[in-house]
Amino acid sequence: MRTCLTIGKFYLMLVLLLLVVSCKSKAIEQAIRPSDQQETVRPDWLAQKYDRVINIEDRQVARLEGNYLWDLPLQFNADSIDVFYLSAKIPIEFFKKSSTFYPELQNFILIVPDWKSYNEVSKMASKKGMCVEPETTNYYYYIRREEDNIKVDSVRLGGLENPVIDFAKPTVPENLLTVYWKESYGSVCCPRDPMWDIANQDSSFIRSFEERNKFKVTTGRYIQKQGKEGENSIYYTLPGLTTAQRLQFLLEKRAQWRLNRGAKKMPLSTNLFTPQLQEMITTGFNKLEEMP
């Protein structure tokens, strides 16, 4: 009988040791549900699985004066809703309001990790001397652009309630240009586009910018005719520059084209910029021609 009790005590102690292991000896993978996590009604727009999620990573993002450039050109399918996973530390409000985040998108889903919840679990575990793995908890935003109106639905899910996510590795077809900045001029008459009144300032701006910053922005610049009254568009592809250099150029170019002194005094809103894709047309009236 005494032998049985001794063996029983041994196994009991072994179980307790396995359950209470310090961080110094072995990390415990433990799912913890945040204290404020409640059962949530799953919305109809949320799928059970997403196969081609685009990861927004810090290594693809530049930041300057409260503005951001996510340096990843993407081609979208009009028949599907695109899904993004926000790994980078970009304020969510940019995705809800900014029309510079892939303006061609009408609807998209943004998945955002609940960093606040993760930090709380980490602090709690640190105080107790444990290593734990918090339960996966994400916010899901369904963003719909309807003309000037933007509608946002959202839900917070944890654990097995989350959809299955598979990340994509997007590629750009060779016949498309990656464009970071586009300028369009309307008619020189009937009525005259005010942009033409300051068009002669562009060459001096470009020259000054390149001299100050020691990198070129005119390489890979194209012009495209779009009408018989002087209408055209100019595309800047900015090859060979870093993401930070591209963002710097975007911000200064945007500030250049304010048409009057009153507008120049007004502070510009901060934005999340993304590159756009443009078909490389090589023949016909509206072909793209590289500028000197």
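Figure 1. Leu238 sits in the loop between S12 and H5. This is a predicted model, and here Leu238 takes a positive phi of about 50 degrees although it is not a glycine. What makes that worth a close-up? Most residues other than glycine have a negative phi. Leu238 counts as buried, with a relative accessibility of 0%.

**Figure 2. The whole protein, to get your bearings.** Take a step back and you'll find 6 helices and 15 strands in the protein. Of its 292 residues, 40% are buried. If you look at contacts between residues at least 6 apart in sequence, 71% of them join residues at least 24 apart. How confident is the prediction? The mean pLDDT of the protein is 84, with 83% of its residues at 70 or more. Confidence is highest in strand S2 (residues 61-64), at 98, and lowest in helix H1 (residues 2-19), at a mean of 43. Over residues 1-38 the pLDDT stays below 50, and this stretch has 36 contacts in the model beyond near neighbours in sequence.

**Figure 3. Helix H4 and its buried face.** Helix H4 covers residues 202-213. Which residues of H4 are buried? They are Asp202, Phe205, Ile206, Phe209, Glu210 and Asn213. Seen down the axis of H4, these buried residues fall within an arc of 125 degrees, so they line one face of the helix. What does that face pack against? Its partners are strand S10 (181-185), strand S11 (221-225), strand S12 (232-236) and helix H5 (243-256).

Figure 4. H5 has 14 residues and reaches 20 Å from its first C-alpha to its last, close to the 20 Å expected at 1.5 Å a residue. Its buried residues include Thr243, Arg246, Leu247 and Phe249. Lys253 of H5 is another buried one, and this lysine forms a salt bridge with Asp202, the closest N and O atoms being 2.8 Å apart. Asp202 lies in helix H4 and Lys253 in helix H5, so the pair ties together parts that are 51 residues apart in sequence. Are the two partners buried or exposed? Both Asp202 and Lys253 are buried.

Figure 5. How many salt bridges does the structure hold? There are 14. As a bit of background, side chains of opposite charge can pair when their charged atoms come close. One example is Asp197 with Arg192, whose closest N and O atoms are 3.0 Å apart. Arg192 is partly exposed, at 44% relative accessibility. Another joins Lys216 to Glu210, with 3.7 Å between the closest N and O atoms. Glu210 is buried, with a relative accessible area of 16%. Elsewhere, Lys49, Asp51 and Asp166 are linked in a network of salt bridges.

**Figure 6. Arg144 and its neighbours.** You'll find Arg144 in strand S6 (residues 137-146). Its side chain joins that of Asp153 through a polar contact of 2.7 Å. Leaving out residues up to four places away in sequence, Arg144 touches Gln106, Asn107, Asn149, Ile150, Lys151 and Asp153.

Figure 7. Thr274 is found in the loop between strand S13 (272-273) and strand S14 (276-279). With a relative accessible area of 6%, Thr274 is buried. A polar atom of its side chain lies 3.0 Å from the backbone oxygen of Thr100. Among the residues Thr274 touches are Leu69, Trp70 and Tyr102. Tyr102 belongs to the loop between helix H2 (93-97) and strand S5 (107-113). Tyr102 is buried too, at a relative accessible area of 0%, and its phi is positive, near 40 degrees.

**Figure 8. A cis peptide bond at Pro191.** Here Cys190 and Pro191 are joined by a cis peptide bond, with omega about -15 degrees. Why pick this bond out? Most peptide bonds are trans. Pro191 is found in the loop between S10 and H4.

Key:
Residues numbered from 1 in each chain as written. Predicted model: local features only at pLDDT ≥ 70, side-chain atom pairs only at ≥ 80, totals over all residues. Heavy atoms only, no water. Helix = DSSP H or I, 4+ residues; strand = E, 2+ residues; numbered from the N terminus. Expected span 1.5 Å × (residues − 1). Buried < 20%, exposed > 50% of the residue type's maximum accessible area, 1.4 Å probe, protein only. Arc of directions from axis to C-beta. Contact = heavy atoms within 4.5 Å. pLDDT = per-residue confidence, 0-100. Salt bridge = Lys/Arg side-chain N within 4 Å of Asp/Glu carboxyl O. Polar contact = N/O pair within 3.5 Å; in protein donor to acceptor, adjacent residues only side chain to side chain.
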